[in-house]
Amino acid sequence: MKGIGKRVTVGFLSIVVLLLASGIISLFELSNLSNDTEVILSTSRRNLEIAKEMIKSAHEHSQAVLHYAIFNDLSKRDASRRALGDLEGALVKAKNEAADASRLDSLAAKILHLREVSQSYVVAEAAIPEQSVAIPEPSVLIEVNQSSDGKVWYDNNYKVVYEELMEEIQNFMTHTHTSLAPRAEQLNKNAYRSVAPVFISLVVVIAIVLMFYFFMRIYLVKPIVQTNRSLSDFLTYRLPFSVKAELLDELNELVDNIEKLIAIYKQNKA
Amino acid sequence: MRESVILRYIGAVMLCVSAFMAVSAVISYVNNVDSGFYPLLLSALLTFTLGAFPLLFVPRGKSISNKEGFAIVVGSWILATIVGMFPYLIWGGEFSLVNAWFESVSGFTATGATILNDIEALPQGLLFYRTSTNWLGGVGVVMFALVILPSLGTSRMSLSNVELSSLARDNYRYRTQVIVRILLVIYVGLTAITTLSLKFAGMRWFDALNHAMSACATAGFSTKNLSIAFYDNPTVELILAAAMLISSLHFGLIYATFLRKSNNIFRSEVVRTYMLIIAAATVFITVSLYGASIYTSLFEAFRHSYFQVVSLITTTGFSTADTNLWTPLAIVVLIFVSIVCACAGSTSGGMKVDRLLIFCKILWARIRHQQHPNAVIRIRVDGVVQDNEMLNNVVLFIVTYIALILVASFTNTLFGQDLMTAFSSAVACVGNIGPGFGEVGSMGNFAQIPSILKIQNSFLMLMGRLEIFGFIQLFFLKWWR
């Protein structure tokens, strides 16, 4: 490339273009990260809501089972069925919204297990002739109508499955925090990396500005200073005109022209 | 020294690096714009601007002095490792500042040591970029600047002098322009042939290319966490071993062999010694492993033994087995070949067989001299008498090399590493090998070591690649005047 003007213009333009381009890419990257973070937050919030629904349904189911298995309160069977339905409904919602539905397979298995255990008790109980029992007041219920078979079943079978289910729901709640979206996952160790593109661009721009200064000094300032000094020496002391600096294009021409001028001056004087 | 001229040539090298970043970005783009695309694109842009800037100002066509050539090589390597960090840092994941620096240095020095626990988590573009740093480092980033820059005049020789081992220089009996062409043809040709062979052996195109690049650079970055053990394929191992072995020979000799010249591979004393070491090491390890019933069949013992020996002696570092589980004899032999390494004038790092051969000859000459005090004993390699300066340099280099390993082992143990890990990681980094033993074994990595040791090991890799004195010299201010 020839011409000081062109060099300086291209130098400045490259700094501007670099700043602009790196700024745009950095913004793009940051917006990607921002979107990912937003997705994670909303997914996390949604998962929490679903988990809350699940815990509520599971708790209701447990209460209902407790009433009909131990206290023979058969009116709670409907509530039990309703709660189980709600629990499965929440699971369907979770599956619909999950990026990877296969991760919910173990939760689904636990819910299915809970249904099977509950149904197995109902089937077993149906085999026994049903007694019509008036629903007693809760305060007297424990002492009066406690079924020892039901209690054993509840403790040995139902409670175990229920606790496993609760654990699985807890896993589901915390799962979103451990499986972040790919881009945001890169940030999980060092949050400062979100500004890495901007920081690196800045370092490179500083290096380029320093190089620009260095080249301007060597190829522009130094030759001009030397030319001026040599010209002054010639005019004052009649010392031969010579410039030792590295010259570029127009400066080279300038020095050549000064030398020609000096030669003409010497000829005229002679 | 003209700093502007140095900057111009370093700038040209940066353009090469940015070109590879751009190619990697294209791979990311083709791969459904994976997460490596923007980091690679931005890095390519930044590196390109950084490299192109000096080319704008500094006039071309100037010859350069040896000192300037030297500064260009070392400066290029250091700057390449710095800009090489950009894609890693921007991408994130396991790459902290120190980890990115380590990975970048390991790449450009063709070491192949990694801090990554999960290599397969990297997007394809970044995986390719990682291997391309190996490939660039293998032949020397500076050579690319020589190839792409027209009309350099005498500058070419100045650059190759530093890039190649001083021993290798003597073996080159061609004009420098021819040397550049020889290196390029052999390197690119070998990479292409290895890629095709690996593809036919059952690898995917992407993996075949990456492994071929890594093998020809004798570097060792793999696209799989288990390295070559992932494929469990004897054909793949054979192809890679052949590629590593050829790349670890003097490129000038390879060229001479193709041209059927007298100074070829089959007549070279150094190559004969090298092959002898490989054969002996393989036999020792095979017998040891089979004897200890680590492998039930003799073929399996041989298969893993020859691959690991070739992988370590060529300073590549690919692995097919967990060598930590091998017998103490096998480990000692592997450490020995890790110290000796391959031939000068190849892409390998380390002490070089040439030096070992000369050192043995010096020892033998000393013994003979004691028997015949008045005898004039000349030391020859391939019939060429070696002058005293060369002999002194060889001894000095070997002493410094061993001292450096011991000092590095000391600092490694200072920061809590066990003796095996400390010593083998020092050997692996100074020799640009990659894996060692213990925590940094063939199935391990450098992720768990303290950051300070990662920085130390990065400098060891740079020192090893620049043949120790080349790196040290840069820090003497007097030299710059």
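# Two chains, read residue by residue

Trainee: With 12 C-beta neighbours inside 10 Å, does Val92(A) count as buried or exposed?

Mentor: A residue is buried if 20 or more other C-beta atoms, placed from the backbone, lie within 10 Å of its own, exposed if 12 or fewer, and partly exposed in between. Val92(A) has 12 C-beta neighbours inside 10 Å, so this residue counts as exposed.

Trainee: What kind of model is this?

Mentor: Residues are numbered from 1 along each chain as its sequence is written, while chains are lettered from A and ligands numbered from 1 in the order in which they are written. Local features need pLDDT of at least 70, side-chain atom pairs count only at pLDDT 80 or more, and totals for chains, interfaces and linings use all residues, in what is a predicted model.

Trainee: Where is the place of Val92(A) in chain A?

Mentor: Helices (H or I, at least four residues) and strands (E, at least two) are DSSP runs, numbered from the N terminus. Chain A comes to eight helices and zero strands, and the place of Val92(A) is in helix 2.

Trainee: Within what arc do the buried residues of helix 2 of chain A fall?

Mentor: Among the buried residues of this helix are Ser80(A), Leu84(A), Leu87(A), Leu91(A) and Ala94(A). The face turned away from the buried side carries the exposed residues Asp78(A), Val92(A) and Asn96(A). An arc is that of the directions from the helix axis to the C-beta atoms. Seen down the axis of helix 2 of chain A, the buried residues line one face of the helix, because they fall within an arc of 115°.

Trainee: How does Gly85(A) count, with 13 C-beta neighbours inside 10 Å?

Mentor: Gly85(A) is found in helix 2 of chain A, and its C-alpha atom is separated by 18 Å from that of Leu74(A), eleven residues apart along the chain. With 13 C-beta neighbours inside 10 Å, Gly85(A) counts as partly exposed.

Trainee: Which helix of chain A gives the largest share of the side that touches chain B?

Mentor: Two residues are in contact if their C-beta atoms, placed from the backbone, lie within 7 Å, and the contact takes 28 residues from chain A and 21 residues from chain B. Helix 1 (4-70), helix 6 (182-185) and helix 7 (196-237) of chain A each supply at least two residues of the side that touches chain B. The largest share of that side, eleven residues, comes from helix 7 of chain A.

Trainee: What radius of gyration does chain B have?

Mentor: The radius of gyration is taken over C-alpha atoms, and the globule rule is 2.2 Å times the number of residues to the power 0.38. The C-alpha trace of chain B spans about 65 × 55 × 50 Å along its principal axes. With 481 residues, a compact globule would have a radius near 23 Å, which agrees with the value for chain B, 22 Å.

Trainee: How many of the twelve residues of helix 11 of chain B are buried?

Mentor: Helix 11 (residues 205-216) reaches 16 Å from its first C-alpha to its last, close to the 16 Å expected at 1.5 Å a residue. Its buried residues include Leu209(B), His211(B), Met213(B) and Cys216(B). Helix 11 of chain B is largely enclosed by the rest of the structure, because the number of its residues that are buried is ten.

Trainee: Is Ser293(B) buried or exposed?

Mentor: Phi of Ser293(B) is near 60°, a positive value in a residue other than glycine, and Ser293(B) lies in the loop between helix 14 (269-291) and helix 15 (298-313) of chain B. Ala110(B) also has a positive phi, near 55°, but counts as buried, with 33 C-beta neighbours inside 10 Å. Ser293(B) has 8 other C-beta atoms within 10 Å, so Ser293(B) is exposed.

Trainee: Over which residues of chain B does pLDDT stay under 50?

Mentor: pLDDT is the predictor's confidence in each residue, from 0 to 100, and chain B averages 85, with 90% of the residues at a score of at least 70. Where pLDDT is low, the predicted coordinates should not be read in detail. In chain B, pLDDT stays under 50 over residues 144-173.

How values were computed
The expected span of a helix is 1.5 Å times one less than its number of residues.
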